[in-house]
Amino acid sequence: MVEGILVEGLLYGIMALGVFITFRILDFPDLSVDGSFPLGAVIMAVSVVNGVPLAVALLLSFGGGLAAGAVTATIHNKLKVPNLLAGILTMTMLWSINIRILGNRANLPLLRQDTILSEVVALLEPILAPEWAVLVFFIGVALAIKVLLDVFFHTDLGLTLGAMGDNQQMVVSQGVNPEWLKLIGVGLSNGLVALSGAFAAQYQGFADVNMGQSIIIAGLASVMIGEFLLNSNRIGLLTVRVLLGSIVYRGIMFLGRYYGYHINLTPNDLRLITGLLIIGALMVSRYRSGRSESARLRKSLRAGAP
Amino acid sequence: MIHLQQVSKTFHPGTVNEVSALRSTDLEVREGDFITIIGSNGAGKSTLFNLVAGAYPPSSGVIRINDRDVTREPEYRRAAYIGRIFQNPMLGTAGSMTLEDNMMICYRKGFKGLKISLNRRRREFFQEQLIDLGMGLERRMKDNVKLLSGGQRQALTLLMMVLSRPALILLDEHTAALDPKNAAMVLELSRKYVEEYQLTTMMITHNMQHAIDYGNRLLMMDKGEIILDVSGNEKSSLTVEGLVDRFHRIRRRELESDEARLS
């Protein structure tokens with residue numbers, strides 16, 4: 001049970017890192033995620049079935065997500081459409097494209113196929129039980145991606161990307177084309193989301209064009225839960241808290257799935273719970289910022305008094 | 001250095017909201033000029049800056065910088081050699097990033113690569129620069145910029161702008177949002193940098209005394225036109241009263257000539 005939550009948390013945590021990049025760093029609420037997650041899954045599934053080397057298949061998934069993000073950013077940049085609409089457009093179009101990639105069907109099972117996970121399990125068989133082998137693998141993958149992202153956001157390009165969501169005028173004033181930055185940022189985000197989808201397909205044993213439905217909300221909930229766990233301005237801790245938030249979120253979902261029947265919950269209620277979770281998080285953060293503001297006000301009034 | 005030829009800007013042309021923000025204007029800015037610009041709201045000062053910076057293209061006319069036609073060049077390209085500071089201190093810095101990250105972003109203009117340039121040597125260099133400001137910011141390199149006061153943020157923006165050694169700087173009422181003490185400090189800092197690095201400068205201000213005290217040339221704008229352009233000795237002998245007086249004289253003369261035409 002614990003290893004299941006951890007694996008899911010880390011697996012979907014990669015997706016949450018992508019959502020974190022767009023929503024928090026770029027301030028570009030990107031909804032194409034709902035399409036790029038299954039895109040990664042279907043690219044992976046088709047590649048596995050057709051015997052494409054697994055590493056290449058992962059790269060293809062990542063590249064597919066990158067391209068999807070680039071489409072969203074280009075629609076937004078060139079047609080001056082609001083970013084939300086650009087994301088919804090890409091997401092909608094991807095649904096058809098995903099079915100095309102699967103060869104005009106809605107899902108593709110991967111049972112009895114060699115996937116990365118089955119290889120990892122086989123490799124670690126002498127020392128670890130299958131579920132723990134999978135967990136070790138995902139700890140490694142999630143940490144590697146986290147570290148790579150941390151390094152990226154320390155580069156000159158990464159720093160400028162960080163300033164983008166804060167203050168676009170500043171980026172322009174530094175002689176950087178904001179359109180390129182959006183393209184890179186949204187592309188990178190969707191690449192990660194698609195990678196997460198590719199792993200999800202292998203973990204679940206099938207790819208389905210509907211597996212991305214409202215995944216963006218799950219990602220957002222993870223990011224927000226993470227923000228309650230840790231407070232920092234260092235990128236290394238920001239990415240850790242996204243992963244932690246994702247694990248906590250999966251834990252809550254797990255409780256809902258397995259113990260929810262005591263209070264008559266069904267798995268169909270989980271989306272409602274996720275939505276309420278986000279609303280709750282928004283309310284708490286509003287309350288918190290209001291409180292810290294009034295505290296500052298009181299302090300400055302006291303300081304002003306003779 | 002900068003050459004505006006018959007440049008005009010009309011917003012919402014052909015609608016009831018049509019505004020001529022800048023009427024056909026010629027302006028030559030020489031290298032090393034420090035120009036102060038005054039005029040009431042809606043006189044076209046900010047429009048002039050936006051056209052020079054490239055925030056939007058002019059409705060007609062040609063803008064040349066260093067003999068190159070930049071009329072259609074986008075803002076981010078021109079930013080490579082133009083530094084601009086806004087009235088709002090928030091616009092110059094990224095609030096949720098640290099001081100050192102902000103300085104790193106502004107250290108060199110143009111597209112950024114995948115290099116990690118913020119190393120110990122760079123940090124020490126930034127620290128020295130901050131010590132020169134004399135605000136104690138050198139001890140707050142890891143703090144988020146949003147924790148700084150408006151005056152500190154504007155001073156930091158100035159410092160970061162001169163780090164990249166721009167050929168031209170545009171100061172857009174950059175002290176208007178600050179309290180008098182901080183405003184004076186930021187203005188003095190601006191003068192220091194302009195002299196130290198020989199920057200060609202254009203400064204919009206609402207304070208006539210500042211417009212007279214600073215710079216070697218003064219433009220007065222009204223209703224989208226430059227109605228007064230004085231420099232050298234003529235400028236240094238200006239007084240606030242004299243300036244107001246000249247403004248009314250110019251406007252009355254035009255009024256009279258309009259009346260003569262109508263009658």
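1. A residue counts as buried if 20 or more other C-beta atoms lie within 10 Å of its own. By this criterion, 48% of the 306 residues of chain A are buried. The model is a predicted one, and this should be kept in mind throughout.

2. Chain A contains twelve helices and two strands. Read from the N terminus, its elements follow the order α-α-α-α-β-α-α-α-α-α-β-α-α-α. Chain A has a radius of gyration of 20 Å, close to the 19 Å given by the globule rule for 306 residues, and it is therefore as compact as a globular protein of that length.

3. Two further values describe chain A as a whole. Along the principal axes, its C-alpha atoms fill a box of roughly 80 × 50 × 35 Å. Of the contacts in chain A between residues at least 6 apart in sequence, 77% join residues at least 24 apart.

4. Chain A contributes 19 residues to it, and chain B contributes 27 residues. On the side of chain B that touches chain A, the elements giving two or more residues are helix H2 (75-78) and helix H3 (99-107) of chain B. H3(B) provides the largest share of that side, namely four residues. Sorted by class, the side of chain B that touches chain A holds twelve nonpolar, nine polar and six charged residues.

5. Chain B has an open sheet of four strands, in the order S2-S1-S4-S5, with antiparallel pairing. Strand S2 (19-29) and strand S5 (68-69) of chain B are at the edges; each has a single partner strand, so one side of each is left without a neighbour in the sheet.

6. Within this sheet, strand S1 (residues 2-11) of chain B runs antiparallel to S2(B), and seven bridges join the two. One bridge may be located directly in the model: Ile2(B) has Val29(B) of S2(B) as its bridge partner.

7. A parallel pairing is also present in chain B, where four bridges join S6(B) to strand S7 (residues 168-172). Here the bridge partner of Gly83(B) is Ile169(B) in S7(B).

8. Which way do the residues of strand S6 (residues 82-85) of chain B point? Ile82(B) and Arg84(B) point one way, whereas Gly83(B) and Ile85(B) point the other way. In a regular strand, side chains alternate between the two faces of the sheet. All four of the named residues, Arg84(B) included, are buried.

Technical notes: Residues are numbered from 1 along each chain as its sequence is written. Chains are lettered from A and ligands numbered from 1 in the order in which they are written. This is a predicted model: local features need pLDDT of at least 70, side-chain atom pairs count only at pLDDT 80 or more; totals for chains, interfaces and linings use all residues. The radius of gyration is taken over C-alpha atoms; the globule rule is 2.2 Å times the number of residues to the power 0.38. A residue is buried if 20 or more other C-beta atoms lie within 10 Å of its own, exposed if 12 or fewer, and partly exposed in between; C-beta atoms are placed from the backbone. Two residues are in contact if their C-beta atoms, placed from the backbone, lie within 7 Å. Ala, Val, Leu, Ile, Met, Phe, Trp, Tyr, Cys and Pro count as nonpolar, Asp, Glu, Lys and Arg as charged, and the others, Gly among them, as polar. Two strands pair if DSSP finds at least two bridges between them.
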